[in-house]
Amino acid sequence: MFELLIFFLPASVLIIGALIVVFAKNPVHNAMGLVMTLISLAIIYITLNATFVAMVQMLVYAGAVMTLFLFVIMMIGVDKKEQTSDSIKGQTFLVSGVFLILMSLLGYVAVNSEFSWNLWFPAVDYVVEGTPQLIAGTLFTTWIFPFEIISILLIVATAAAIALAYDSKIRNKDA
Amino acid sequence: MSTELIVALIKANIVLGVLLTNTILLIWFERKLVAGMQSRVGPDRAGPFGILQTVADAIKLMLKEQILPLKADRAMYLLAPIVALVPSFLIFMIIPLGPNLNIEFGGENYIVEFVGADLNVGVLYFLALSSIAVYSVVLAGWSSGSKYPLLGGVRASAQMISYEAAMGLALVPVILYSGSLSLVDIVDSQSGNLSSSIPILNSIVSFIPKWNVFPQFVAFGIFFIAAVAEVNRAPFDLVEAEQELVGGFHTEYSGFRFAMFFLAEYINMFNMCAITATFFLGGWLGPTFENFLPPFLSSIMPIIWLGVKTFSLLFIFVWIRATLPRLRYDQLMELGWKRLIPASLVWLILSAVVLGLREFGLPWS
């Protein structure tokens with residue numbers, strides 16, 4: 001009973017947050033809905049015994065990424081009305097058509113494979129705890145190569161961002 | 001109801017009570033201290049030495065009218081003070097207040113950890129929650145529908161994001177030294193005294209407790225500066241610079257909602273000092289005088305030690321506020337990004353090298 005409550009409370013908040021992201025008109029409300037979704041997802045991670053992932057989720061997504069989103073929204077201004085007319089002709093039909101095709105494909109696969117309709121969320125192996133030690137142990141031994149590749153990718157992205165933002169004219173003025 | 005649940009409920013209530021009472025004390029402490037430093041008397045009407053002044057202020061704020069600005073975004077305007085208050089209470093949960101307690105109740109022995117929650121990701125939890133606290137300032141500034149709060153909110157978010165990076169980086173060498181992300185383990189790793197392999201040095205050094213502040217003094221400095229900036233205190237209080245922005249992000253708030261922001265600010269300040277004490281000054285560690293003092297007194301000595309350390313740091317907070325002028329905005333950003341972050345990165349590499357040498361010896365030997 002208690003576990004059920006602990007699952008359904010964040011899960012329902014998550015769905016409400018996701019609905020706010022889609023349907024709210026004000027960009028700041030959208031952003032806060034996304035924050036709600038991310039935080040309730042973090043709580044679900046904790047119930048699944050993945051504390052490290054939960055904390056990183058809070059720190060990186062809810063803490064850093066969404067704060068920057070909000071910052072940008074506030075800087076640009078939210079007074080403008082949301083654009084509701086189609087910029088591409090018939091985009092609503094296009095999107096719903098693609099959506100229907102994808103869903104029927106998914107349904108076809110689900111019906112014809114050995115997918116069992118056990119909708120109960122899986123039992124957690126509470127012996128294994130998502131501690132930082134465990135994650136670091138696998139990340140820095142088995143997965144060290146992909147890890148390093150990702151770090152190079154991130155550095156390249158950072159350097160590219162600096163190169164794009166860097167204005168050589170301003171620097172010449174200073175010198 | 002299981003015992004664990006009851007213990008958790010009791011802990012939560014104790015944390016609530018301690019933090020609220022403590023804030024009352026803290027505000028009085030700050031006002032008296034600043035008054036002393038500026039040759040004023042400070043609050044002296046309500047109660048002995050004016051100690052009840054804060055209680056009077058709190059009651060006044062609760063009875064005042066709540067004003068909702070016409071152009072405010074209602075939902076976000078009401079949400080912001082709550083977002084400010086909740087993380088500040090949650091952060092206190094992970095601060096260890098003392099060693100495990102043995103309680104005999106109904107003929108059974110219970111071992112109660114003297115900490116709200118001992119998380120194996122405590123440091124990350126602290127950083128995550130302090131980054132959630134940024135939302136309150138941003139939302140309050142934006143939703144008020146007025147220019148001063150908006151400027152205050154934009155300033156605050158830029159400042160808090162910048163200094164969070166330096167704060168997190170300054171904590172990494174401490175984690176390396178302690179070998180754990182849990183605050184309880186970090187405190188445990190600081191017990192005992194320093195030792196040195198050189199005999200003469202060892203005899204001098206062995207009187208000094210093994211606190212992280214001695215090997216990690218640079219990280220301590222960076223963390224403390226970043227902590228002052230993170231809670232938006234002077235000299236980093238551009239967020240609420242009275243001379244330029246009236247009240248900053250909470251200009252449009254009144255009554256109890258303003259009190260919630262005020263409360264959150266002081267609880268955050270207290271948390272930061274308690275966390276600094278835990279990371280660098282040995283937390284609750286200290287002599288308990290088991291032989292001289294009655295058992296009850298010696299069992300609460302850890303809390304007293306933590307309180308003494310925290311309030312010494314708070315004294316420095318107030319001292320800084322009364323002494324230093326406010327930084328300009330560009331100076332603030334430069335200090336964060338060009339000084340503190342590079343310094344903490346260099347210090348991180350240095351301490352990693354030292355630890356590696358200590359653990360594995362020289363690479364050629």
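What pLDDT does chain A average, and what share of the residues score at least 70? Chain A averages a pLDDT of 81, and 79% of the residues score at least 70. Here pLDDT is the predictor's confidence in each residue, from 0 to 100.

This is a predicted model: local features need pLDDT of at least 70, side-chain atom pairs count only at pLDDT 80 or more, and totals for chains, interfaces and linings use all residues. Residues are numbered from 1 along each chain as its sequence is written, while chains are lettered from A and ligands numbered from 1 in the order in which they are written.

**Chain A**

Chain A has seven helices and zero strands. Helices (H or I, at least four residues) and strands (E, at least two) are DSSP runs, numbered from the N terminus. Confidence in chain A is lowest in helix H7 (residues 168–174), at a mean of 59. It is highest in helix H6 (residues 144–165) of chain A, at 92.

**Chain B**

Chain B comes to 12 helices and two strands. Along the sequence the pattern is α-α-α-β-β-α-α-α-α-α-α-α-α-α. The radius of gyration of chain B is 22 Å, close to the 21 Å that the globule rule gives for 365 residues, so chain B is as compact as a globular protein of that length. The radius is taken over C-alpha atoms; the rule is 2.2 Å times the number of residues to the power 0.38. The C-alpha trace of chain B spans about 70 × 60 × 50 Å along its principal axes.

**The chains in figures**

A residue is buried if 20 or more other C-beta atoms lie within 10 Å of its own. Two residues are in contact if their C-beta atoms, placed from the backbone, lie within 7 Å.

**The core of chain B**

A nonpolar core is a set of buried Ala, Val, Leu, Ile, Met, Phe, Trp, Tyr and Cys residues joined through C-beta atoms within 7 Å. The largest one has 116 residues, and Phe223(B) and Ala226(B) touch the most other members. Helix H10 (residues 255–280) of chain B gives the largest share, 17 residues. Beyond residues up to four places away in sequence, Ala226(B) touches Tyr163(B), Ala166(B), Met167(B), Ala170(B) and Leu340(B).

**Where the chains meet**

In chain A, 18 residues are in contact with 18 residues of chain B. H3(A) gives the largest share of the chain A side, 13 residues.

Definitions and conventions:
Buried ≥ 20, exposed ≤ 12 C-beta atoms within 10 Å, placed from the backbone.
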